[in-house]
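Hi,

Here is the structure I said I would pass on.

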Amino acid sequence: MRRSKMLAVALPLAVGLAGLMTTTVFAQNLSMWVRESAADPGKLMVDLWNQTHEAQIELTAIPDNQLVTKLATSVRAGDAPDLISFDLIYMPDFMRAGFLADLTEQLQADPNYETHIQAYKDIATYEDRIYGVGFTPDVSILVWNKELFRQAGLDPEVPPKTIYEIHDMATQIGALGDDTYGFYFAGSCPGCNIFVTSPLMVAGGAHILPRNGEDAALEGDAIREVLDQYRQMWEEGLIPEAAEVDAGENFVSAFTAGNVGIAGTGGFLLSLMERQFPDFDYGVTLLPGLEEGQVSGFVGGDVVAIPTGGANEEVAREFVTWVLSDEAQLEGLAKNSILTTRTDLADNEYFAGNEKVQATAQALEAGYVPWVFRFADMVNSDSSPWINMLQRAIFDGDVDGAIEEARARMLEIASQ
Amino acid sequence: MTDLASPATNITTGTTDARVVGGSRAVGYLVGALCLAIIALMLVPLVLSFLASLKPPAEAAAVPPEYLPRSLSLENYRTVATYQAGLWTYVANSLVVAALTILFCLALSVPAGYALARYAIPFKEVFFLLILASMMIPYQAMLTPLYLMFSSLKLTNTHVGLAIVHTILQLPFSVYLMRNSFEAIPRELEEAAVMDGCTSMQILRRVFLPLVLPGMITVSLFAFISSWNEFIAALIFMSRETSFTVPVMLTGVSTGIFGVVDWGALQAGVIVSVIPCVGVYLLLQRYYVSGLLSGAVK
Amino acid sequence: MLSTNNKYVGLLYLSPALLFVAVFVFYPLVQLIMISMTSESLLGGGEFVWFDNYLLAFSDRSFWMSFWFTVRYTLIITPILMILGFLLALLTMQNRPLAQLTRGVVFLPVVIGLASSSLLWVWLFNQQVGLFNKALVDLGVIEEPLVWFNRANLGMTAVIVSVVWKVVGFGMIIMLSGMQSISHEVVEASMIDGASYWQRVRKIILPLSARAILLATLISAIGSMLAFDQFYLMTRGAPRGQTFTSVYWIYQNSFVYFKLGYGSALSIILMVVIMAGAALQITLQRRGETA
């Protein structure tokens with residue numbers, strides 16, 4: 001205890017001195033963890049910071065399925081890294097547990113925070129205190145294959161604007177041949193579907209996940225409608241058979257293979273396409289709902305936060321502030337074709353003229369993120385009520401029974 | 001290969017009369033061919049892994065793959081050597097934990113075996129059974145209370161902490177083995193020492209220790225191999241990237257280094273993790289198998 | 001006995017080990033039972049909930065799915081290991097150099113870590129760079145590389161292949177020791193009677209090494225019921241959570257979903273089941289011996 005108090009006094013002093021002096025005597029290394037699947041953009045940001053700052057950050061990628069465990073166990077042991085970038089969906093659990101440093105004063109005083117994407121503000125706030133900011137963003141979108149649209153006699157510049165239009169257009173594309181399919185979704189991947197299927201429901205006015213045992217769960221007609229349209233498309237053979245067992249392996253490659261007309265995907269697809277399939281002719285739009293004009297998206301990606309008990313908290317706080325700066329947003333994110341997390345910078349020189357990125361940026365602004373505890377239980381686990389509902393409704397054909405069962409189990413989990 | 005064939009490294013589990021099997025010359029050839037086929041089948045995975053680790057990274061990632069490398073390179077080993085905190089950090093962690101496990105096992109089991117074999121202790125067999133009983137409790141089930149305990153004692157992320165868990169795993173067997181080793185020593189030896197006026201500590205050190213050395217080697221060998229290879233406890237107890245052991249580090253490599261799984265580097269890691277075990281096994285095979293049998297059969 | 005010494009000296013020598021077991025085995029065991037009756041979270045907090053966790057466990061479909069998967073895995077792999085182990089032991093019984101070399105090589109993977117061998121095999125099974133897949137294609141067994149970890153049964157098959165490779169030598173050694181304790185007189189007597197090789201195997205070797213076989217079965221079965229490493233590293237529970245084993249599901253609940261209390265209750269259920277199974281097997285074995 002005494003040591004940490006001394007540190008608390010000494011650290012700001014040291015940092016202050018380091019700021020005044022130009023020597024590297026006080027420069028220190030910060031440790032930062034990032035989950036494996038967000039390591040690429042995370043590394044771009046950290047490299048940029050390291051180029052322009054004296055305190056260097058050492059980035060460690062941790063396998064996705066180990067990151068939250070390691071974060072929890074290391075905070076408990078008082079041995080956490082200085083900074084952590086993790087799946088935003090775990091924010092509520094960690095905030096409630098008191099594992100993250102309170103950043104409220106610092107962020108409220110920061111003009112850049114005002115234009116921060118609302119979904120990130122929501123997910124990182126607990127009982128009016130703020131514990132993190134969006135770091136490397138992502139959001140779900142709808143993509144369509146313009147070449148197949150042309151072949152099917154559809155206007156390649158007009159995407160579907162409702163779930164019913166998705167079904168209609170998929171029918172026309174499916175008619176092109178045995179090997180061509182109208183629609184795709186990864187049928188055994190809970191995470192993929194909360195990402196690309198739930199926004200269709202949310203856009204249609206549905207409420208998906210309960211915050212506690214008394215909250216509504218799976219409320220709204222849109223849930224039934226979306227599941228039923230999926231079921232019909234599945235039964236009509238508009239979706240490849242392999243979709244049923246896809247646990248995420250073909251979530252991306254199914255569309256890039258070129259024989260699928262319409263699919264939900266994430267903003268990450270854009271840079272992947274640029275690199276691997278620069279000539280692929282496709283369009284990007286927001287995920288629609290039941291009626292024209294209804295749109296949504298699932299805001300994903302990583303947040304950055306400071307675990308409590310780190311030795312370099314002051315510098316870590318500087319990093320959080322820096323993440324929202326123009327430099328980080330434009331040179332770290334936008335320049336690398338990654339979305340910015342500030343709405344006022346969505347219109348920047350790097351995105352100018354790129355319709356796809358702009359559509360994605362709109363999705364980020366319109367998007368939602370569910371603020372719930374135990375997201376893993378309710379959604380991400382391989383036997384979650386969420387994935388069971390999709391599978392029972394779509395592949396077994398029992399839409400109402402599936403919703404009923406999932407609702408009961410979600411409420412059971414939420415009330416624990 | 002030739003190492004394996006030399007008599008010193010063979011598994012010898014006693015002598016068996018050839019007549020038990022018998023058979024004609026033709027059968028003999030058939031048996032020989034079968035043996036060779038089995039040897040090949042068992043070695044192929046390791047050999048392929050070793051060869052893949054020596055491929056240049058691009059070749060190791062080639063689709064479709066080829067069995068043999070076209071050219072040799074140590075690039076994969078360089079990749080794992082600099083992976084995160086550096087392979088040597090992880091190897092050192094694993095070695096330190098294994099060394100501590102050996103130390104703990106010996107420090108606890110040698111005196112316990114001595115006492116159980118040579119002293120009249122009230123409730124002796126009850127105590128012995130209590131120690132053995134812990135073998136019946138799967139340690140996988142005990143990880144949560146141990147984790148909470150170590151977390152409050154600040155023993156997570158420490159070599160000592162993980163070594164204690166590995167000692168829990170090995171202690172029953174070690175005590176059992178040491179008791180047997182002490183019991184196998186003729187009583188005349190210690191009686192002579194008692195006549196000479198030695199204290200019990202002196203007897204233990206001068207008379208017994210040299211004689212139970214083979215048992216101690218077996219205990220150490222098992223402790224080393226089980227500690228070096230143990231995975232789930234290390235996965236839970238070591239949360240800092242600088243405190244990972246080799247198997248935990250390998251899971252990181254297997255899910256990819258910044259996005260792409262580097263198969264060549266993974267196999268290089270596998271080979272590095274396999275070498276110490278295979279090495280000590282080939283060197284001390286005799287102790288390993290005798291330990292296994294004395295632990296298992298009686 | 002060192003009668004000149006006080007018996008408490010002996011207790012003194014024994015006490016470190018006893019203390020260790022008390023502190024690191026029995027105390028945590030009591031803790032485990034206590035935690036299993038709380039809603040303790042890895043993120044801190046939790047309260048006493050009596051037997052709620054146990055009640056929940058009995059209606060937790062996922063837990064029972066993982067449990068029956070583990071049982072199925074155990075029931076499939078144990079006979080394979082025992083039969084192959086027995087045949088290998090028969091084959092390598094003689095102390096001829098080649099037989100001894102075979103023994104040594106078959107036993108070699110036993111000392112390798114399960115994590116290492118799983119990561120070796122996950123590579124061999126990979127649909128793109130995996131050489132096992134390529135070998136099967138080259139041998140004409142399959143037409144194109146399989147995606148092994150996409151289907152529960154294929155995934156389990158892959159795990160079984162890798163685990164058999166790794167531990168078959170263990171059963172072999174145990175059974176060899178059983179066979180080698182058979183007295184020569186018995187064998188010679190049967191040879192005089194003109195019994196054929198397989199008759200001898202069936203009538204003499206098999207019954208007389210029954211103890212060793214049962215022991216090896218017990219150890220393998222318990223090990224399989226506690227399987228974790230191979231599934232965590234190879235199938236990762238996919239697809240649809242169909243390849244979670246009990247220990248994996250307990251780990252998942254305790255350390256990924258943060259539910260330490262619930263995970264502890266599952267641990268106790270599993271522990272009781274395994275102990276009951278082991279006790280049953282030992283009783284049956286005893287009865288068989290005395291009969």
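Let's start with a kink: α1(C) bends by about 45° at C:L14, and a proline, C:P16, comes within four residues after that. The bend here is the angle between axes fitted to the seven residues ending at a residue and the seven starting there. Helices are DSSP runs of H or I with at least four residues, strands are runs of E with at least two, and both are numbered from the N terminus.

Before going on, some housekeeping: this is a predicted model, where local features need pLDDT of at least 70 and side-chain atom pairs count only at pLDDT 80 or more, while totals for chains, interfaces and linings use all residues. Residues are numbered from 1 along each chain as its sequence is written, and chains are lettered from A and ligands numbered from 1 in the order in which they are written.

Back to α1 of chain C, residues 7–35. With 29 residues at 1.5 Å each, it should span 42 Å, and its end C-alpha atoms are 39 Å apart, which agrees. (The expected span is 1.5 Å times one less than the number of residues.) The buried residues of α1(C) include C:Y13, C:L14, C:F20, C:F24 and C:I35; buried means 20 or more other C-beta atoms within 10 Å of the residue's own, with C-beta atoms placed from the backbone.

The unreviewed UniProt entry puts "transmembrane region" at several stretches of chain C, among them 12–35, 73–93 and 154–176. Such annotations may be inferred rather than shown by experiment. In the model, residues 73–93 of chain C are 90% helix and 0% strand, with end C-alpha atoms 29 Å apart. Residues 154–176 of chain C are 100% helix and 0% strand, and their ends lie 32 Å apart by C-alpha atoms.

Now for the contacts, counted when two C-beta atoms, placed from the backbone, lie within 7 Å. (Ala, Val, Leu, Ile, Met, Phe, Trp, Tyr, Cys and Pro count as nonpolar, Asp, Glu, Lys and Arg as charged, and the others, Gly among them, as polar.)

Chain B also touches chain A, with 15 residues of chain B in contact with 13 of chain A. The chain B side there has 2 nonpolar, 10 polar and 3 charged residues.

Cheers

Terms used
Buried ≥ 20, exposed ≤ 12 C-beta atoms within 10 Å, placed from the backbone.
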